[in-house]
Amino acid sequence: EFVYPEQKTIVENYINGIALNEYTTHLTRKMLYDIGELMGKFHDINVSSHDNGDTWTVTILSDMLKIRQSLAPYESDFIGSINYVEENAKKLFRDLHFTYVHGDFRPANIILSHSEEKYYLIDFENFMIGDPTLDVYKMLSILKSSNNYNSEDVASFLSGYSSIRMLPLDLVNKWIFYDIYYSLRSVRRAIYESHFRN
């Protein structure tokens, strides 16, 4: 373990490798499959034995109360999205079992070690225990936002994941849900940072 006070950094383990986003601008299907496997293994480390759907729904709806307050002056612009999240939160998270969630699962946070031919997940700043769909959503959003990937690439990632554990239930509808929910959170953040009004 190394401490660098001048950089405000603690290094617990040094990994001799390179972040995937620096290594390549296009992940091969084999890489995507391997990343899916990595995520599946991470989610499989600690899975709750009971249904956590109500807890997750309460967490989201509590946050939505704050979002409603922040967006009150602009309610007419966002009411459709707000209603969508609030109406679908309970429906979508039935039978939800918590796992470890990285919170920022993307190529920049995956190190490829050539010497070991192995991938390492780094940067656990947003780590939580919750819905594993969040990590799947993050990775799929990155693939979607790039023009480099098609449906077969996405299928490779999902196949890697499902080789370790079952894909989250109702994945497509949860993806839409999180897209809207996190967009509302982004607007709230912009308001707090005073960018929105400007």
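Reply: One term comes up at once. A polar contact is a pair of N or O atoms within 3.5 Å, where one atom must be able to donate a hydrogen and the other to accept it. Keep in mind that this is a predicted model.

Me: Which residue caps the N-terminal end of H6?
Reply: Look for a side-chain oxygen by the backbone nitrogen of Glu152.

Me: How far apart are the end C-alpha atoms of helix H6, residues 151-162?
Reply: Helix H6 has 12 residues, and at 1.5 Å a residue it should span 16 Å. The value in the model agrees with that expectation, because the end C-alpha atoms are separated by 16 Å.

Me: Which residues are buried in H6, and what covers them?
Reply: The buried residues are Asp153, Ser156, Phe157, Leu158, Gly160 and Tyr161. One of them, Phe157, also belongs to a core of 22 residues. The cover over the buried residues of H6 includes helix H2 (29-44), H5 and H7.

Me: What is the pattern of the protein chain, read along the sequence?
Reply: The secondary structure comes to 7 helices and 7 strands. Read along the sequence, these elements follow the pattern β-β-β-α-α-α-α-β-β-β-β-α-α-α.

Me: What share of the contacts with a separation of 6 or more joins residues 24 or more positions apart?
Reply: The chain has 198 residues, of which 39% count as buried. Its C-alpha trace spans about 55 × 45 × 35 Å along the principal axes. Among contacts with a separation of 6 or more, the share from residues 24 or more positions apart is 78%.

Me: Which element gives the largest share of the largest nonpolar core?
Reply: This core has 23 residues, and Ile60 and Phe177 have the most contacts inside it. Helices H3 (53-71), H4 (75-92), H5 (133-145) and H7 (171-192) each give two or more residues. The largest share, 6 residues, comes from H7.

Me: Which residues does Phe177 touch, not counting those up to four places away in sequence?
Reply: Phe177 and Ile60 are the residues with the most contacts inside the largest core. Phe177 touches Ile60, Tyr84, Val85, Asn88, Ala89, Leu92 and Phe93.

Me: Is Thr57 buried or exposed?
Reply: Thr57 lies in helix H3. Beyond its sequence neighbours within four places, Thr57 contacts Ala89, Lys90 and Phe93. Its relative accessible area is 5%, so Thr57 is buried.

Me: What distance separates the C-alpha atoms of Leu20 and Pro107?
Reply: Leu20 lies in helix H1 (residues 20-23). At 0% relative accessibility, Leu20 counts as buried. Its contacts beyond four places in sequence include Pro107, Ile110 and Tyr119. Leu20 and Pro107 are 87 residues apart along the chain, yet their C-alpha atoms are separated by 5.0 Å.

Me: Which residues is Thr133 in contact with, leaving aside its neighbours within four places in sequence?
Reply: Thr133 lies in helix H5. At 0% relative accessibility it counts as buried. The contacts of Thr133 are Pro168, Leu171, Lys174 and Tyr178.

Me: Which element gives the most to the lining of the largest pocket?
Reply: The pocket has a volume of about 390 Å³. Of its 15 lining residues, Gly103, Asn126, Lys138, Tyr182 and Arg185 are the closest to its centre. H5 and H7 are the elements that give two or more residues to the lining. With 7 residues, the one that gives the most is H7.

Me: Is Asp95 buried or exposed?
Reply: Asp95 sits in the loop between H4 and strand S4 (99-101). Its phi is near 60 degrees, a positive value in a residue other than glycine. Over 50% relative accessible area means exposed. Asp95 has 52%, so it counts as exposed.

Me: What is the relative accessible area of Asp170?
Reply: Asp170 is in the loop between H6 and H7. Its phi is also positive, near 55 degrees. Asp170 is partly exposed, with a relative accessible area of 39%.

Conventions. Residues are numbered from 1 along each chain as its sequence is written. This is a predicted model: local features need pLDDT of at least 70, side-chain atom pairs count only at pLDDT 80 or more; totals for chains, interfaces and linings use all residues. Side-chain values use heavy atoms; hydrogens and water are left out. A nonpolar core is a set of buried Ala, Val, Leu, Ile, Met, Phe, Trp, Tyr and Cys residues joined through side-chain atoms within 4.5 Å. Buried means under 20% relative accessible area, exposed over 50%, partly exposed in between (1.4 Å probe, protein chains only). Helices (H or I, at least four residues) and strands (E, at least two) are DSSP runs, numbered from the N terminus. Contact means heavy atoms within 4.5 Å. The expected span of a helix is 1.5 Å times one less than its number of residues. On a 1 Å grid over the protein atoms alone, a cavity is a set of points where a 1.4 Å probe fits but cannot get out, and a pocket is an open set with protein on both sides within 12 Å along at least five of seven lines; lining residues have an atom within 4 Å of a point. Grid points are joined across faces, edges and corners, and a volume is the space filled by probe spheres set on the points.
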